[in-house]
Amino acid sequence: MIDKDCIFCKIGAHEIGTKVVYENDYVIAFDDMEPLMPVHTLIIPKEHYANVGDNVPEETLGKVFAAVREVAAIKGLDNGYRLLINTGEDASQSVPHFHVHVLGGGWMPRPNDQDWGPNATNAAELGYK
Ligand code: AMP
């Protein structure tokens, strides 16, 4: 199903232009408009699912993750990459259409426990107990 009000559905249907990296009948991969790394590509299923927890069929999950390999090869991420799947409010997901971020093109530190989580320097402000 496609959600006519969803921006990523529109990208999947080519109703909105974007820099397509890879595409097949099930998924489309395109560069993030606000890249956090030299390579920052998003992979989405063309069907609408709000997030990875939204009863995404296993076949669709497989198509999305198979596309990770394609994107990594196209982008030359021989030295590694990071996958990120923000899911729901607690993870600050901003576009409610399941997507996998593929980040790479340079070294990335591991997420710093000083920045978020119960050990963060501003843990109370962030609402952790
Ligand atoms: P998330 O916060 O995990 O939901 O990530 C959504 C991502 O989509 C952000 O990194 C945005 O920069 C990116 N984004 C939103 N709209 C577009 C668009 N039209 N084209 C490319 N990237 C987009």
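Q: How much accessible surface does the protein chain have, and what share belongs to carbon and sulfur atoms?
A: Accessible areas come from the Shrake-Rupley method with a 1.4 Å probe, and for residues only the protein chains shown count as cover. Here the surface comes to about 8,200 Å², with 51% belonging to carbon and sulfur atoms. Keep in mind that this is a predicted model, where local features need pLDDT of at least 70, side-chain atom pairs count only at pLDDT 80 or more, and totals for chains, interfaces and linings use all residues. Residues are numbered from 1 along each chain as its sequence is written, and side-chain values use heavy atoms, leaving out hydrogens and water.

Q: What pattern does the chain follow along the sequence?
A: Helices (H or I, at least four residues) and strands (E, at least two) are DSSP runs, numbered from the N terminus. This chain reads α-β-β-β-α-β-β-α.

Q: Which residues of the largest nonpolar core touch the most other members?
A: A nonpolar core is a set of buried Ala, Val, Leu, Ile, Met, Phe, Trp, Tyr and Cys residues joined through side-chain atoms within 4.5 Å; buried means under 20% relative accessible area with a 1.4 Å probe, protein chains only. Of its 17 residues, Y22, V27, A29, I43, V64, V71 and F98 touch the most others. The largest share, five residues, comes from α2.

Q: What does V64 touch, leaving aside residues up to four places away in sequence?
A: Contact means heavy atoms within 4.5 Å. V64 touches V27, I43, P45, F98 and V100. There's also a second, separate core of nine residues, including F8, F30, L42 and I44.

Conventions:
Buried means under 20% relative accessible area, exposed over 50%, partly exposed in between (1.4 Å probe, protein chains only).
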